[in-house]
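Let's take a walk through this structure together. We will begin with the whole chain and then look at a few of its parts.

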Amino acid sequence: MASGLNSQVVKSELRASVLVVTIANPPVNALGMDVRRGLIEAIAAAETDAAVAAVLIVGAGRNFIAGADIREFGKTPQPPSLPEVCLAIENCRKPVVAAIQGAALGGGLEVALSAHYRLAVASARLGLPEVALGLLPGSGGTQRAPRLIGAKAALDLMLSGRHAGAREALALGLIDRLGEGADALPEGLAYAQELVAAKAPVRRTRDAQALADAETSRAALEAARADTARKSRGLFSPMKIIEAVEGALTLPFDEGMALERKLFLQCIASPQRAGLIHAFFAEREVLKAPETKAAKPRALESAGIVGGGTMGAGIAVAMLDAGLPVTMIERDEPSLARGRSHVEKVYDGLIKKGRMTPEAKAAVMARFSGSTSYDALAQVDIVVEAVFEEMSVKKAVFAELDRVCKPGAVLATNTSYLDIDEIAASVSRPGDVVGLHFFSPANIMKLLEIVVPAKVSADVVATGFELAKKLKKTPVRAGVCDGFIGNRILAVYRQAADHMMEDGASPYQIDEAVRNFGYPMGPFQVSDLAGGDIGWATRKRKAAARKPGDPKVRYVQVADRICERGWFGQKTQRGYYLYPEGARTGQPDPEVLAIIDAERQRAGIKPRSFTEEEIMRRYMAAMINEGANVVHQRIALRPLDVDVTFLYGYGFPRHRGGPMQYADSVGLPKVLADIREFAKEDPLFWQPSPLLVELVERGADFASLNQSE
Ligand code: 3H9
């Protein structure tokens, strides 16, 4: 009897003549080995049980099925494979219905596509997001989806990885019916019973005819190929998806399936798959800081911002966008008016692009208020200070916050490098002081470093994480040091780039190498975009802080020579590059090359040539080594926190997973050997991190340190 056949994660129950097969594999009903086995058994039982007239597949909890179990990739595959499961469902001689709520993604949607009829309720999100993991839909998705909804729509889903809502899925023909209620089970059951009563036939997606118009299908394929060649530079799986869909156009179903399998296995073997899946888990792991486990966040219903400059206004916009009322403090009315206009400018830009209506702007701005008196912050739950980067100025602000804010208010600083312990020590409530380091433009950039000073209360840190969630940002917990995680590491590999420039590589060659590695921009382009004056100010500050006995580190003066000429990058129409008439793409500047030559001569350096490979080896070795130091000193909890910082704040190519994951993929012994080789020229700069040395000695990698605390 079918209803007796119950595994832990797949439960079957006969209701009237419908065998209800429920996948109950929390948290998201991923298709791990037990689920796959359970499904095969349930279908086999339905075939042989005369009491079963139809099968209904549903997911327990919020989701249908979120796809294959991603944790299994890279391990030895266990039978049955998901394509086999899907084939068994499709081959079932009794009608199989999938009833979808929540996520039906990847292998989850492929299970549904193998069923003969599909219903989804309004909450459903359907998609084939494998591309985001460096994969292709590998359980018949590349063969069934185009046959069901046509090549164009299927390619769009597979190449974008986006989720379609239930209504869109209906319009596309991905589902047959939209359920009216919220719960897929009763809706699906009624649908299955209706099909049984109507003696509806088994209807296999492999026989669907949406590819019948060969000319339209071929055109869609070629358009996707051209578009992908333009957009997905260096990515492996998008072209494989196109190749598989071409198979759907040209081959019989079974041969198309074999091609899909072959291409899927190529994707599985690709380092990009490892990098992207690492990124997927890492961006979830960063949420699990010790404080978020230990404490509940405080109330977060209103916010104050001190400072209406670019940063303060950007943070205000991020808060307003999250629905919070925001009070901005500035020292006088003209500054406040400027701050307000910075905020309004963002929304006016959206109106201009047609992405916001004037009424919506008015509604948002109704939640914005400003004052020149700190007393206006008396009742806010959180204040973020974003004033000038100078300790005395920060302390003066915090003295005011200490005076006016209600007990329990979170007092946050957006400093990029100042000692937050010192700021916290200056107030009567150090437990309430935390760092919230936003990245510019603060309403757009996804990274939020949550900087944890020694005396902060756990619930204040947890509130920082809660704020990140409200703001749809990715939080990374960081310890206090100059530059925290991101800017501290940046300062080091940026120096490595400067050294290479002085030794013979041009900034243009370095930028190109970095772009070819997968970054959207190289370091000299970034400097031109951010404004050379910012780095100049930091260098002056560091120079002023140097003590007589400090070791004499190598210092490349090219950037100073450029800044002294007032060339700060895009905003002054020249920096490392020329930007004629406000152009955003720079052109190489012969005068900059002359400045570099002069600096080489002054330093007595005979320029040598660099290959792209050497440039990247040095650039990455510097980044990885400082990343290891940051983990070693507990500034970052785990290597993955460094990875997420770089993926979300510094444009690191996602398919490489982050610098520490990249180091693992290269092999730590090789990275260490490089550093030791470079140290022969400059032992002060290239000091191997003790953590890197220890891991190599133990034969371990960074991944081994990634377990959650
Ligand atoms: C595939 O299907 C390949 C096939 O074509 C071919 C095979 C042959 N596996 O995101 P959340 C975990 S590839 C394992 O915080 P939400 C996640 O790590 C797959 N674990 O929840 C987290 O764990 P923890 C294609 C998974 O409500 C927990 O579940 N599918 C998987 O914000 C909760 O996740 C996808 O790419 C998984 N597939 O969002 C979909 N999915 O609590 C990937 C999640 O320990 N998943 N976990 O940190 C998602 O997009 C979102 O998780 C989802 C829920 C929208 C479903």
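The chain folds into 29 helices and 19 strands; here helices (H or I, at least four residues) and strands (E, at least two) are DSSP runs, numbered from the N terminus. What you see is a predicted model, in which local features need pLDDT of at least 70 and side-chain atom pairs count only at pLDDT 80 or more, while totals for chains, interfaces and linings use all residues. Residues are numbered from 1 along each chain as its sequence is written.

How far does the C-alpha trace of the chain span along its principal axes? The spans are about 90 × 60 × 55 Å.

Now turn to helix H2, residues 82-91. Because eight of its 10 residues are buried, H2 is largely enclosed by the rest of the structure. Leu 82, Pro 83 and Val 85 are among these buried residues. Their cover includes helix H1 (33-48), strand S4 (96-100), helix H3 (107-114) and helix H10 (253-269).

Strand S4 also leads us to a group of paired strands, where pairing requires that DSSP finds at least two bridges between two strands. S4 and S6 run parallel and are joined by four bridges, with Val 97 partnered by Tyr 117 in S6. S6 pairs with strand S9 (residues 177-178) as well, again in the parallel sense, over two bridges; here Leu 119 has Arg 177 as its partner in S9.

In a regular strand the side chains alternate between the two faces of the sheet. Strand S6 (residues 117-120) is covered on both faces, with Tyr 117 and Leu 119 buried on one side and Arg 118 and Ala 120 buried on the other.

Key: A residue is buried if 20 or more other C-beta atoms lie within 10 Å of its own, exposed if 12 or fewer, and partly exposed in between; C-beta atoms are placed from the backbone. Two residues are in contact if their C-beta atoms, placed from the backbone, lie within 7 Å.
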